[in-house]
Every structure is written in C-alpha cells, then in structure tokens.
Amino acid sequence: MWQPFKLSSSSNDDAGTTIRAKPAGAPMKSGGEYPCHITSARVVGFDGESRATSLLFICNYGEDEGVLSIFSSQDFESAFKPEAKFMFGDGSKADLNRQQCSHAHSTSIASTCDPYSPVDICVADLGSDAIVQFSIKSGRVRETGRLAAPQGSGPRSLMFNPRHNHLAIVSLEMTGEVWLIRKRSHDGCLEGLGSPVSILPSDWPSSDMAESQFNLGRWASDALWSEDGKY
C-alpha cells in the first residue's frame, strides 16, 4: 500500500523550520509486494494534450517477482489513478538464496532539457542482475532495453549525473561495488563503461567480524552524485 501526503512548513526563530505532513488521499494498493522505492516526474503530453501530468513510479521488491507500477494525476493535489504495471519475472539465479526471482529495487529518471521529448525511466532489478529501461511518450510506456550487470552483483540503485545526463552511477549491492554506465547518443541504449569498482577495503571484513556472516560482508546502498556532478 501507499498513500499521498501533503507537506507544509513553518519557521520559528528558536526551533527552526518544522515540516508537517497530512494525508492528501486514501491509501492505494501499490500493484505488487513490498513497495520499496518511489519516484515522481512531470511529463508533458502524457494524456494526449499539451498540459503536464504528474507520474509516480513505484518499485515493488516482490516475493515472487519484482513489479514496476505507474500512477498518474493532473497535479499532486488531485487523486492518482493506476496507469501501467510491469512484471519482471524470474531472477538470474546467480545467487539461489536472493535471486530466484526479479526484485525491482529503485527507479531513476534520465533528465532532459526538452519537456516534449520521451522520458527514460531506468529500474534497478537486483534479482535479475539488470538495469531495465523504459520510454514514456504520448501516453505510452514501453520497455526499450536491458543492460546486463555482472552476474550475482545485484543492482540496487542508480542516479544520472546532474551535469552530464547521459552518465549514470549504479550501486551493486551484493558485490559492494559501483559501476559507471552511459546512455548512447545514437540509439539511447545503456552500456557499461569499464568494470565495476569495489567500495570496500581489500581486507574487509575479517573472518571474526559479525558483518562477514551476511553476504560475506559485501553490500552497497544508494548511488548518489554530488550537486556539481564531479563526485
């Protein structure tokens, strides 16, 4: 389940800024099991007209398979309605404990300077070892490609560079690595740039550490760029 909330803020010289949230609509089914990530975008022409539509993209990690659900609203003040749902099916099975099925973990939006151009949505599928790419144009959502990540790496999160929007960084949860990828200019498909790089010390973890009991102490969380896109 998920539920929209409306945020408001107030300032006080002594206490600083207070953020308050109140429900802005009834709870809705997320379209899958274990919703774990939500992203929003404003898309012009989604309803066939020149106005912008608010879209929500919800990743459902899933028990039996990962699911991407898409909801729309004319603005964040009005009710959302379901638009599309994509099931990702089987996993890579590289790790039989964690990758028997797909697990949609997060989405990232490839920004564009043209509000009328297609919007690219990329989903990190931890269970399938893949980055799944979708394009949104004129009210249609379709899968346009898949970039295979290294087997057993478990893509968790990706973020496009704020200055160079053809570049993205991917965190590989299960191997504790980050991976630089790009969107090719001639066809818009994703490709990897070099090999993933470990974010862990070479001697991590030692055998007597508690961390070594889970996934051999290897993990990576959210992938982020600095505001200037340099780091």
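A disulfide here is a pair of cysteine sulfur atoms within 2.5 Å. With that cut-off, a search of the whole structure turns up zero disulfides. The sulfur of C59 has its closest cysteine sulfur in C36, 5.7 Å away, which is too far for a bond. C59 is buried, at a relative accessible area of 0%; buried stands for under 20% relative accessible area, exposed for over 50%, and partly exposed for what lies in between (1.4 Å probe, protein chains only). C101 is in no disulfide either, since the nearest cysteine sulfur, that of C36, is 12 Å away. C101 also counts as buried, with 9% relative accessibility.

A word on the source: this is a predicted model, where local features need pLDDT of at least 70 and side-chain atom pairs count only at pLDDT 80 or more, while totals for chains, interfaces and linings use all residues. Residues are numbered from 1 along each chain as its sequence is written, and side-chain values use heavy atoms, with hydrogens and water left out.

**The cores**

Now for the inside. A nonpolar core means a set of buried Ala, Val, Leu, Ile, Met, Phe, Trp, Tyr and Cys residues joined through side-chain atoms within 4.5 Å. The largest one has 18 residues, and F57, L68, V123, F134 and I136 have the most contacts inside it. Two or more residues each come from β3 (35-44), β4 (52-60), β5 (67-73), β8 (119-125) and β9 (130-137). These element names follow DSSP runs numbered from the N terminus: helices are H or I with at least four residues, strands are E with at least two. Leaving out residues up to four places away in sequence, F57 touches a list of residues including H37, I38, L68, I70, I109, I121 and I136; contact means heavy atoms within 4.5 Å. Another core of 14 residues lies apart from this one, with I131, A149, F160 and W179 among them.

**Salt bridges**

Take a side-chain nitrogen of Lys or Arg within 4 Å of a carboxyl oxygen of Asp or Glu, and you have a salt bridge. The whole structure has nine of them, including these:

| Pair | N to O distance |
|---|---|
| R156 and D222 | 3.9 Å |
| R182 and E191 | 2.5 Å |
| R184 and D187 | 2.7 Å |

Both D187, at 36% relative accessible area, and R184, at 24%, are partly exposed. Through shared partners, salt bridges also join R98, R156, E173 and D222 into one network.

On the surface, W204, F214 and W219 form a nonpolar patch with about 310 Å² of accessible area together. Patches take residues with over 30% relative accessible area and no salt bridge, joining like charges within 9 Å and nonpolar side chains (Val, Leu, Ile, Met, Phe, Trp, Tyr) within 5 Å. The areas come from the Shrake-Rupley method with a 1.4 Å probe, and for residues only the protein chains shown count as cover. F214 sits in the segment after β15 (197-198) and is partly exposed, at 49%.

As for the backbone, Y34 is a residue other than glycine with a positive phi, near 55°, and it lies in the loop between β2 (16-23) and β3. K93, not a glycine, has a positive phi of about 65°. Its place is the loop between β6 (81-87) and β7 (104-110), and K93 is partly exposed at 36% relative accessible area.
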